[in-house]
Amino acid sequence: MSTINYDLKKIRALLFDVDGVLSANVIPMSPEGEPMRTVNIKDGYSLHLAAKMGVKLGIITGGRTEAVRKRFLALGLNAEDIYLGSAVKIHDYRDFRDRHGLKDEEILYVGDDIPDLQVMHACGLPCCPRDAAPEVKAAARYISYADGGYGVGRDVVEQVLKVHGLWLAGEEAFGW
């Protein structure tokens, strides 16, 4: 059963911001000045399972660190659906939507801060972590029980997969 007040059967694609959504709000810096993000293992498992089940997944982030690309490629996302250095996220959102032949109402997006607002207003199901900016919370149809980097991805992916009958639905669910 879903806690999201939306017809999740409509959802065909999930898009995520990274910093403050799939990684924590506080990012340590390497001695070279590179941001070093955290990852949540349960978020990773659910994204990997969704990718194996054929769900369209994408990343739209202002970050440019190559480690982010490597992380999501390793989880099964397609390279062309990972947008790094996204200055105006709505442009990359539209590219993703149009390339996959999707309608706005078929897309779930999870963001946490001001750069995410245009996408949140465009997509069918705008979601955010519990610790998102107040403006983002106001735009969200669903606010996760989890803070950014601490299970938001797992929360929304699991609910979507369950509604589509893809959660723990076969051998694929039990391995990497």
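**Close-ups of a predicted model**

**View 1. Helix H1 at the cavity.** H1 gives the largest cavity the biggest share of its lining, three residues. This is a predicted model, so local features need pLDDT of at least 70 and side-chain atom pairs pLDDT 80 or more, while totals for chains, interfaces and linings use all residues. Numbering starts from 1 along each chain as its sequence is written, and side-chain values rest on heavy atoms, with hydrogens and water left out. Searching the whole structure turns up one cavity of 30 Å³ or more (grid points, 1 Å spacing over the protein atoms alone, where a 1.4 Å probe fits but cannot get out; lining residues have an atom within 4 Å of a point). Its volume comes to about 40 Å³ (the space filled by probe spheres set on the points, which are joined across faces, edges and corners). Helix H1 (41-52) and helix H2 (66-74) each put at least two residues into the lining (helices are DSSP runs of H or I, at least four residues, and strands are E runs of at least two, numbered from the N terminus). Look for Leu-22, Val-39, Asn-40, Asp-43, Gly-44, Leu-47, Arg-71, Phe-72 and Leu-75 around the cavity.

**View 2. Strand S1, covered on both faces.** In S1 (residues 13-16), Ala-13 and Leu-15 sit on one side, Leu-14 and Phe-16 on the other, and all four are buried (under 20% relative accessible area; exposed is over 50%, partly exposed in between; 1.4 Å probe, protein chains only). S1 pairs with strand S2 (residues 56-60) in the parallel sense, over four bridges (pairing takes at least two DSSP bridges). Two bridges to pick out: Leu-14 has Leu-57 of S2 as its partner, and Phe-16 has Ile-59, also in S2. The chain gets from S1 to S2 by way of H1, making a right-handed β-α-β crossover (clockwise from the first strand over the helix to the second, strands pointing away from the viewer). Strand S4 (residues 107-110) also runs parallel to S1, joined to it by four bridges. Here Ala-13 bridges to Ile-107 of S4.

View 3. Six strands line up as S3-S2-S1-S4-S5-S6 in an open sheet, and the pairing is parallel. Strand S3 (82-83) and strand S6 (142-143) are the edge strands: each has a single partner strand, so one side of each has no neighbour in the sheet.

**View 4. Arg-64, out in a loop.** Arg-64 belongs to the loop between S2 and H2. Arg-64 counts as exposed because its relative accessibility is 65%. Set aside neighbours within four places in sequence, and Arg-64 is in contact with Leu-84 and Gly-85 (heavy atoms within 4.5 Å). For a sense of span, Arg-64 and Ala-139 lie 75 residues apart along the chain, with 26 Å between their C-alpha atoms.

**View 5. Gly-151, tucked into a loop.** Gly-151 is found in the loop between S6 and helix H6 (152-163). With a relative accessible area of 6%, Gly-151 is buried. Beyond the neighbours within four places in sequence, Gly-151 is in contact with Asn-40, Asp-43, Tyr-145 and Ala-146. Asn-40 and Asp-43 also turn up in the lining of the largest cavity. Gly-151 and Ser-23 are 128 residues apart in sequence, yet 9.3 Å apart in space, C-alpha to C-alpha.

Definitions and conventions: 1 Å grid on protein atoms, 1.4 Å probe; cavity = no way out; pocket = protein on both sides within 12 Å on 5 of 7 lines; lining within 4 Å.
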